[in-house]
Amino acid sequence: MGDTKGKDRCSNCGQPASRIRRNYLFRESGLSNAVLKDIQVVTCDQCGNVDPIIPRLSEVITVLASAIVRKPRPLTGEDVRFLRKQMAMNGETFASHLGVDKTTLSKWENNQIPIGANSDRLIRALVLMLGPDSKAEIENGARNFTAINDDGEPVRIEIDAKNLAFSYV
Ligand SMILES: [Zn+2]
């Protein structure tokens, strides 16, 4: 009917929905603490459903992986699972790269046993080395390992999808 606001429809209930910009908690990534800053979302007034419009999704996932391997806090189970999936490895393959059995990896991913500082660094190093970063970026990432500590609050990762940059808050 010429009403541009009507062109977005809720993917859940099919009612007209409105498009706004806001920060979006990116739970679809499998991470509970990753926020996409100022992206467009289609929000439904009828059922409350929110559909994100994520630009350059595969690049956003790559940036998120970069943020995780450089984060100044220990890896969590969901971090490990995210990184494994980002490397397109199943549990058995990823575990064999790390020299552990897949049961151990599964327990890490489900927060049933601690990952431990050595395995934490090994996972980061593996992902860094097999990832798309330049040699300088890999070296920089490895130097960041000395800054990892669990003294403070858990960090939240914010992704700037427009500039493909990340920050910790
Ligand atoms: Zn709806």
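This is a predicted model: local features need pLDDT of at least 70, side-chain atom pairs count only at pLDDT 80 or more; totals for chains, interfaces and linings use all residues.
The buried residues of helix 2 are Gly77, Glu78, Asp79, Val80, Phe82, Leu83 and Arg84. Their cover includes helix 1 (57–69), helix 3 (91–98), helix 4 and helix 5 (117–130).

Just after helix 2 comes Ala88, a residue that takes a positive phi of about 55°.

## Where helix 2 meets helix 4

Helix 2 spans residues 77–86 and helix 4 spans residues 102–109, and the axes of these two helices come within 7 Å of each other, crossing at roughly 120°. An angle of 65 to 115 degrees would count as roughly perpendicular and one over 145 as roughly antiparallel, and helix 2 and helix 4 are therefore described as oblique to each other.

On the side of helix 2, the residues that take part in this meeting are Gly77, Glu78, Val80, Arg81 and Arg84, while helix 4 contributes Leu105, Trp108 and Glu109. Sorted by class, the contact of helix 2 with helix 4 has four charged residues, three nonpolar residues and one polar residue.

## Arg84 in detail

When neighbours within four places in sequence are left aside, Arg84 is in contact with Met89, Asn90, Gly91, Phe94, Leu105 and Glu109. Among these partners, Leu105 and Glu109 are also named in helix 4 where that helix meets helix 2.

## The protein as a whole

The protein contains six helices and five strands. Read from the N terminus on, its elements follow the order β-β-β-α-α-α-α-α-α-β-β, and the C-alpha trace spans about 60 × 35 × 30 Å along its principal axes.

Of the 169 residues in the protein, 36% are buried. The protein exposes about 9600 Å², and carbon and sulfur atoms supply 49% of that area.

## An aromatic pair

A pair of aromatic rings is described by the distance of the centres and the angle of the planes. In this protein the count comes to one aromatic pair. The pair is formed by Phe166 and Tyr168, whose ring centres are 5.5 Å apart and whose planes stand at 55°, so the pair is tilted.

The accessibility of the two residues can be given as well. Phe166 has a relative accessibility of 29% and therefore counts as partly exposed, and Tyr168, with a relative accessible area of 27%, is partly exposed too.

## Gly152 in a loop

Gly152 lies in the loop that runs between helix 6 (135–143) and strand 4 (157–160). With a relative accessibility of 37%, Gly152 counts as partly exposed. Between Gly152 and Ile115 there are 18 Å in space, taken from C-alpha to C-alpha, and the two residues are 37 residues apart in sequence.

Technical notes
Residues are numbered from 1 along each chain as its sequence is written. Side-chain values use heavy atoms; hydrogens and water are left out. Axes are lines fitted to C-alpha atoms, for helices over the stretch in contact, and angles run from 0 to 180 degrees between N-to-C directions. Helices (H or I, at least four residues) and strands (E, at least two) are DSSP runs, numbered from the N terminus. Angles under 35 degrees count as roughly parallel, over 145 as roughly antiparallel, 65 to 115 as roughly perpendicular and the rest as oblique. Contact means heavy atoms within 4.5 Å. Ala, Val, Leu, Ile, Met, Phe, Trp, Tyr, Cys and Pro count as nonpolar, Asp, Glu, Lys and Arg as charged, and the others, Gly among them, as polar. Rings of Phe, Tyr and Trp (its six-membered ring) pair if their centres lie within 6.5 Å; planes under 30 degrees apart count as stacked, over 60 as edge-to-face and the rest as tilted. Buried means under 20% relative accessible area, exposed over 50%, partly exposed in between (1.4 Å probe, protein chains only). Accessible areas come from the Shrake-Rupley method with a 1.4 Å probe; for residues, only the protein chains shown count as cover.
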